[in-house]
Amino acid sequence: NNAKVYGVQDNIEFITADFFTIAHQLSADIVFLSPPWGGPDYIKQPAIDIDTLPLGGARVYNTARLISENIAYFLPRNSNIDQVIALGGSGNKVEIEQSYLNSRLKIIVAYFGNLILGEK
């Protein structure tokens, strides 16, 4: 519904399928990842091992790389940042955005590929 509200529904292709099954058939300019985090208990952990997320953090990222190198990865605020940086591979190129609300960190988004500021 949001795509319709913002008038961009003709610019988006919605696909309902198993991501891991169809990823190798897809191509896109950008992939936005927002996998499940495992419910509200994630916040009780001081740092989340992203590979223990329900679908496997690195597995989701590596599968998305079959589609595009330009990835925005929406992750819990307590994600293990070293693991997120390691997803950048050789050179560990990643830009991490921290989003705050009322002076409290709420989420992080990791950007890869040409989504990194200054990268082309």
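How many salt bridges does the count come to in this structure? Please bear in mind that the model is predicted.

The count comes to one salt bridge. Its partners are Arg65 and Glu69, whose closest N and O atoms lie 3.9 Å apart, and a pair of this kind is counted when that distance is within 4 Å. Arg65 has a relative accessibility of 38%, so this residue is classed as partly exposed.

Four strands form an open sheet in the order 1-2-4-3, and their pairing is mixed. Strand 1, residues 31-33, and strand 3, residues 95-101, are at the edges; each has a single partner strand, so one side of each lacks a neighbour in the sheet. From one strand to the next, the twist averages 20°.

Strand 3 pairs with strand 4, residues 104-112, through seven bridges in the antiparallel sense. Within this pairing, Glu95 is placed opposite Tyr111 of strand 4. Helix 3, residues 57-64, packs on the sheet and touches strand 1, strand 2 and strand 4. The direction of helix 3 makes about 165° with that of strand 2, residues 71-76.

Finally, I turn to Asn78, in the loop that lies between strand 2 and helix 4. Is Asn78 buried or exposed? Its relative accessibility is 9%, under the 20% limit, so Asn78 counts as buried. The Asn78 side chain reaches the backbone oxygen of Gln45 at 2.7 Å. Beyond its neighbours within four places in sequence, Asn78 is in contact with several residues, among them Tyr42, Pro46 and Ile48.

Conventions
Residues numbered from 1 in each chain as written. Predicted model: local features only at pLDDT ≥ 70, side-chain atom pairs only at ≥ 80, totals over all residues. Heavy atoms only, no water. Pairing = 2+ DSSP bridges. Helix = DSSP H or I, 4+ residues; strand = E, 2+ residues; numbered from the N terminus. Axes fitted to C-alpha atoms, helices over the stretch in contact; angles between N-to-C directions. Contact = heavy atoms within 4.5 Å. Salt bridge = Lys/Arg side-chain N within 4 Å of Asp/Glu carboxyl O. Buried < 20%, exposed > 50% of the residue type's maximum accessible area, 1.4 Å probe, protein only. Polar contact = N/O pair within 3.5 Å; in protein donor to acceptor, adjacent residues only side chain to side chain.
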